[in-house]
Amino acid sequence: MPNLHQLVVEMRGITKRFPGVLANYNVDFDLRHGEIHTLLGENGAGKSTLMNVLAGLYQQDAGTMLVKGKSVNFSSPRDAIEAGIGMVHQHFMLVPSQTVTENILLGLDEPRFNLHLNDYDQIIAELGERFGLKVDPRAKIWQLSVGEQQRVELLKMLYRGADILILDEPTAVLAPQEIEEFFLTLRSMVVEGKSVIFISHKLHEVTEISDRVTVLRKGKVTAAGLEIKDITRQELAHQMVGREVVFRLEKNPQKPGKMVLEIRDVHAQNDKGLPAVQGVSLQVRSGEILGLAGVAGNGQRELAQVITGLRKCSQGEVLLNGEVISNRTARFSIRRGLAYVPEDRTHVGSSPNLSVTDNVIMKKYRTPPLARGWAIDMGIAKQFAQELKEAYDIAAPTVETPVRMLSGGNLQRVILAREISGEPAVMIAVQPTRGLDVGAIEGVHRLLLAQCQAGTAILLISEELEELRSLSNRIMVIYEGQIMGETQGDEMEKIGLMMTGTPLTQIEEQGTAEYV
Amino acid sequence: MSDNAYSPPSKRRKGLPFRIQIEPRLTEPPHWYPYAVSLGALIVALTLGGIMIALAGGDPLRSYTHIARASFGSLGVFSDTMVKATPLILVGLACTVAFSMRLWNIGAEGQLFMGAFGASAVVLIPLLPPETSRWIFIPVMMLAGFLAGAVWGFIPGFLKALYNVNEIISTLMMNYIAFAWINFFVFAVWSEGGFQMSPMFPKNAWLPRLADYAKESPVLAGLTTHMGLFLGLGAAVVVWFILYRSRWGYEIRLIGDNPQAANYAGINIKRNIILVMMFSGALAGLAGASEISGVVHRLQSSISPGYGFTGIIIAWLAKLNPFAVVLVSILFGALILAGREIQPSGIPKLIQGIILVCLIAGDFILRYRISVIHVAQES
């Protein structure tokens with residue numbers, strides 16, 4: 001019987017290099033039996049790399065690993081699974097057209113030819129019952145919610161006999177209520193004798209769930225295996241970024257001005273032709289930030305596309321300064337002062353192989369002084385790019401550098417620089433800080449606030465409640481294409497309930513009912 | 001092609017004192033690097049071609065020197081090389097324009113034939129009387145070729161823009177229609193006494209050759225290079241200007257690199273698909289018109305030894321740079337001209353094929369860095 005403080009994983013002096021990057025340098029990490037140990041760090045701090053080494057996806061350049069006291073050297077994920085280590089990646093590795101059971105059995109030696117699916121469905125169902133991971137074994141993956149798919153990934157690892165679970169940012173895809181449920185599952189797994197490594201960069205989750213925490217910064221350990229009860233969030237944040245983080249930005253104090261963007265009862269379909277936006281109405285005034293909260297996939301993307309002219313709406317209309325801009329073209333809205341910071345920086349917001357210059361002129365190349373008749377004045381374009389590069393502090397060798405060479409934060413600066421330099425009347429920003437590190441997030445937030453102060457009406461669509469709370473004047477919540485309600489931003493519990501589908505009116509009724 | 005996340009595993013073979021590691025490039029290689037890699041690929045290809053020549057019982061070195069001498073050895077043969085290079089420049093530019101938008105127009109051959117048809121139609125229908133002045137005749141012919149190619153490019157462009165028909169298939173198939181179209185006319189309508197060719201064009205429908213000016217400057221005597229070359233060189237400048245200095249070219253490059261971003265920037269992609277296919281077809285059509293009026297002087301079914309397909313290789317080898325297209329076309333012109341002295345088909349075509357394969361393989365070096373690591377050093 002293993003005692004509680006026995007180490008199941010010991011990593012000593014792990015170093016891993018990638019071309020031009022030292023991802024891990026001399027990292028020590030250990031995991032006790034039956035604990036939840038968080039690996040905390042900014043994006044690019046080397047958390048995933050370290051865990052990929054443990055899971056056998058990468059081989060370390062230097063250092064040793066002991067699993068359950070035995071020295072190991074994994075050359076493939078299969079070796080790691082045999083040693084009892086299972087990793088659930090940020091991006092699920094499931095086959096959408098197959099059932100839960102089929103996905104779990106995929107790649108195993110047993111069953112050999114005849115699948116005996118019914119028997120295995122039973123086994124999977126029992127396994128799920130035991131760990132509180134309820135999911136229908138016969139359901140096809142595409143029918144499942146993201147939370148359920150995550151359970152399938154966990155079941156896959158448990159079925160393979162993993163007792164050391166590595167979870168790479170598992171909460172990123174979950175709604176607050178789902179996160180609560182997920183944490184319960186984690187605790188029950190620990191009770192069943194599993195040990196968990198939890199990768200995250202969300203401080204409040206870390207303090208809530210973990211027993212110990214190790215902090216990585218730029219590939220090095222800054223805090224090793226600290227008991228969570230001995231450390232505050234501020235201290236953790238400090239270890240993570242190496243400087244004090246301003247958690248509270250100065251919100252825009254000014255009174256909102258005239259109405260700029262008005263959305264009236266908009267309905268729209270998604271790419272599959274299913275209703276995605278179902279009667280959304282909202283208004284944004286100049287000089288205010290309206291936050292739109294919601295778990296991804298509840299119609300935010302489609303709504304943003306309708307507003308920006310990239311998608312047709314089947315009903316309703318969008319007005320910019322009183323003029324209808326819905327069901328026109330993207331160009332029509334751009335000309336009327338609509339800026340759009342899309343969710344997908346690399347695939348929508350920028351052109352990776354073109355230069356910084358080419359990327360910043362994307363919305364201006366049609367108008368003088370950049371345009372001269374049918375030609376583009378490249379001299380002025382370069383000068384313009386140079387000015388933006390300095391004003392927005394874009395770290396790029398030259399304005400001729402293709403933007404795919406830039407980091408996520410700098411790419412976002414390029415996009416923001418382009419959108420803001422158009423002096424927009426309205427800006428639609430979708431997930432503007434996704435995947436950025438803390439320093440870059442702060443920069444983006446400051447830019448948004450400054451732009452708001454300059455009188456732009458901003459619709460901020462985000463999943464990060466912290467972000468919405470610190471930036472928005474008002475917060476609305478969208479669920480399955482409908483607005484659940486509006487709050488002033490400090491009622492996080494209400495927002496959480498709305499994000500999982502309870503309309504505000506209902507919450508308030510229940511609230512009063514309880515008091516009565 | 002943003003597969004930065006993918007990293008091929010390093011190969012470690014037991015018993016070897018080193019291992020080869022392949023890593024994606026994280027920094028931009030220097031400006032000259034792509035050209036150096038192209039040159040390297042060319043050298044490798046010529047070496048492989050040399051081996052083939054040796055296997056076939058020839059002397060590679062002598063063959064290559066012969067090719068060099070037969071294409072660049074004197075002003076006369078250089079002029080012949082330029083004759084071959086002329087249509088190649090135009091089709092190379094045609095492919096460059098389309099490929100810049102990632103429109104895979106492999107129908108330049110058919111568009112070239114239609115261009116030749118358009119130019120011939122001016123003479124043969126006749127749209128202009130045979131005694132028309134050269135100054136009117138030739139521009140009208142060129143314009144007709146340009147437009148006929150544009151029409152041939154419009155069809156697959158329209159189908160792609162409206163119904164998302166794969167342009168690779170449609171342009172390829174349009175080639176065969178073009179060949180059959182030309183055959184119909186040379187066998188039936190414009191056949192000269194039952195031969196598979198039209199009657200010879202009147203002299204004033206011929207593009208002037210350098211030799212025509214031998215009276216004024218005797219150096220030019222016997223030189224076959226015709227004015228189509230200047231058309232090609234002019235087109236290279238125009239294409240460069242369009243691609244890198246115009247709003248339209250910016251749209252083409254943006255769509256080529258990331259159609260979603262172009263859509264986001266409010267660019268009409270469908271309209272550009274049609275326009276670019278038309279422009280590409282028009283350039284290929286111009287190649288046909290220049291060839292028919294400058295070299296063949298009559299419509300027949302054998303006007304091109306696959307110039308349109310060679311244009312694909314040329315655009316690729318030139319890395320879609322219009323000026324590099326000119327240089328590469330001259331090289332390929334030499335290969336076509338002098339290669340014929342080795343074997344009418346066969347080996348010269350084979351060398352072209354090897355060059356293309358080497359070039360595509362060379363792209364790998366541009367995107368990945370290959371390093372040899374000595375195992376002894378590692379520990």
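Colleague: How many residues does the contact take from chain B and from chain A?
Modeller: This is a predicted model. In it, the contact takes 21 residues from chain B and 30 residues from chain A.

Colleague: Which elements give two or more residues to the side of chain B that touches chain A?
Modeller: Those are helix 8 (247–257) and helix 9 (259–264) of chain B. Helix 8 of chain B gives the largest share, 6 residues.

Colleague: And by class, what does that side of chain B have?
Modeller: There are 7 nonpolar, 7 polar and 7 charged residues on the side of chain B that touches chain A.

Colleague: Parallel or antiparallel for strand 3 and strand 8 of chain A?
Modeller: Parallel. Strand 3 (residues 36–40) and strand 8 (residues 195–200) of chain A pair over 5 bridges. A:Ile36 stands opposite A:Val196 of strand 8 there.

Colleague: What about strand 11 and strand 12 of chain A, in which sense do they pair?
Modeller: Antiparallel, over 8 bridges. Strand 11 covers residues 259–269 and strand 12 covers residues 275–285 of chain A. A:Leu261 stands opposite A:Val284 in strand 12.

Colleague: Which residue takes a positive phi in that hairpin?
Modeller: A:Gly273, near 85°. The hairpin has 5 residues between the strands.

Methods:
Residues are numbered from 1 along each chain as its sequence is written. Chains are lettered from A and ligands numbered from 1 in the order in which they are written. This is a predicted model: local features need pLDDT of at least 70, side-chain atom pairs count only at pLDDT 80 or more; totals for chains, interfaces and linings use all residues. Two residues are in contact if their C-beta atoms, placed from the backbone, lie within 7 Å. Helices (H or I, at least four residues) and strands (E, at least two) are DSSP runs, numbered from the N terminus. Ala, Val, Leu, Ile, Met, Phe, Trp, Tyr, Cys and Pro count as nonpolar, Asp, Glu, Lys and Arg as charged, and the others, Gly among them, as polar. Two strands pair if DSSP finds at least two bridges between them.
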